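Hello,

Here is the structure I promised to hand over. Please have a look, then read my notes below.

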Amino acid sequence: MNEEARILSRWTWLRRAGVLVGAAIGSSVIFLAVGDHSVGGLLSVIGVALLSAAATIGLCDVLVFRPIKRDYSGILSDTRSTRDMLEEAGKIGKIGWWKYDFEADRVEASEEVMRLFGLDAGSLPRSNKEFLNLLHPLDRDRVYETQRAALRDHGSYEVEYRLELPWGTRWFHQRARTEFLLSGWAISSFGTIQDITEARAAEAERAAFVGKVTHELRTPLTSISGSLALMREGALGELPPRAKSVCEIAHKNCRRLGKLVNDILDAEKLASGEMKIVRTRTDLTSVIEDAVQSSEHYASSLDVAIEVERPPEPVHVLCDRDRIVQVMNNLLSNAAKFSDAGATVRVRLSRVGGMARIDVIDRGAGIPVRAQSTVFDRFTQAHERTERTMNGTGLGLNIARAIIEAHEGSISFESQEGEGTTFSVMIPLSVTVVSNSDDAVAA
């Protein structure tokens, strides 16, 4: 029996006891009223009433109040224990909570947030404006715009920012969720703040190391690739058949290594925001044709054909042409890689509302359900390592998603094992303003 049931049971017994006591009192009063009207009789009635009240109070104390007090004390003890554990966990993880009341324009925060920010009770920000003033000047506008966007879209948000503290610059990661009335008015925001300074420093060191290593690899790779090309073309004399075979293997693996180096560099540039996306008004039809042309050799080596479905009129977008070709090459090579010999990969270009849509459709092995949640993660491959998957770096789809998102677009997929996969790319259409001249200006 749970606590609520036990308390209800006690109240039931109390009611029964009250009925018995009330019956005794009533019987005494009637008896005395009929048989004895003296002062002694009246005192007897009062005495019986007092004894009955005392008995009732005693029963309440024994059956209800004392158990409730014990239960309440236990709840308080559990609450204190839970609170202490949460506070300790916050100290270990350097994470605390905060709450902002929109109506009162008031900020509340946990002790850990106060400690992380180097604040005392008297210096806690009393409004969101005062909170923003604590941030590094270069981060204030970005955090404010992130907050505004979340309020406008009725969504949650995550943002990182710096604080200049007496013991140095610290980085923080903030998450928040806002509650709204049905009318759309914001009530309050609740979230967490975590110190990520050490994590960012480690990430920066890792990125610097990877960047340096990959750059250093490029020079010898270029030299090796050039030498192998000369040998394959016969510039150093005719090679024996066995030497030609070894040279082809070396050339193939050199290309694979070069692709891996380039993919790692691209991934690091995208992650750090260093990759420049230069957008011009471009017809996606020609982009797809370029990508198909460059992918046909690889697809044909696997006995896979590529077909394109395109609308009769141009589909213009503002994009970095080379980067979109890079995305398409990745999607086409993946589709061919996991298709059966003799299959056809289809590329379909269309308009959906204000977006251009590119679908890359294969009828191959499909993506296993267990792997679908990590398809766009770094260094992941959906299928078991086979002769075909060995050519992949596990970075292509991660890079593709970053490039498309840099174009304010999206990339998604639908897949069923044994039936194939469709990857869909969405990019905003280019809006044109027609002037008196013959030229159209991209907006």
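Which residue in strand 5 stands opposite isoleucine 95? It is glutamine 194.

First, the ground rules. This is a predicted model, where local features need pLDDT of at least 70, side-chain atom pairs count only at pLDDT 80 or more, and totals for chains, interfaces and linings use all residues. Residues are numbered from 1 along each chain as its sequence is written, and side-chain values use heavy atoms, with hydrogens and water left out.

**Overall**

The chain has 10 helices and 14 strands. Both are DSSP runs numbered from the N terminus: helices are H or I with at least four residues, strands are E with at least two. Of its 443 residues, 33% count as buried. Buried means under 20% relative accessible area, exposed over 50%, and partly exposed in between, with a 1.4 Å probe and protein chains only. The accessible surface is about 27100 Å². Carbon and sulfur atoms hold 57% of that surface. Areas come from the Shrake-Rupley method with a 1.4 Å probe; for residues, only the protein chains shown count as cover.

Five strands form an open sheet in the order 2-1-5-4-3, with antiparallel pairing. Strands pair if DSSP finds at least two bridges between them. Strand 2 (106-109) and strand 3 (157-165) are at the edges with a single partner each, so one side of each has no neighbour in the sheet. On average, neighbouring strands are turned by 25° against each other, direction ignored. Strand 1 (residues 95-101) and strand 5 (residues 186-195) run antiparallel and are joined by 7 bridges.

Helix 5 (residues 137-153) packs on this sheet. It touches strand 3, strand 4 (168-180) and strand 5, and its direction makes about 155° with that of strand 3. Contact means heavy atoms within 4.5 Å. Angles run from 0 to 180 degrees between N-to-C directions; axes are lines fitted to C-alpha atoms, for helices over the stretch in contact. Helix 6 (residues 197-232) lies across strand 3, strand 4 and strand 5, at about 115° to strand 4.

**Isoleucine 187**

Isoleucine 187 belongs to strand 5. It counts as partly exposed because its relative accessibility is 34%.

**Helix 10**

Helix 10 covers residues 396-406. Its buried residues include Leu397, Ile399, Ile403 and Ile404. Glutamate 408 follows helix 10 and has a positive phi, near 60°.

Best wishes
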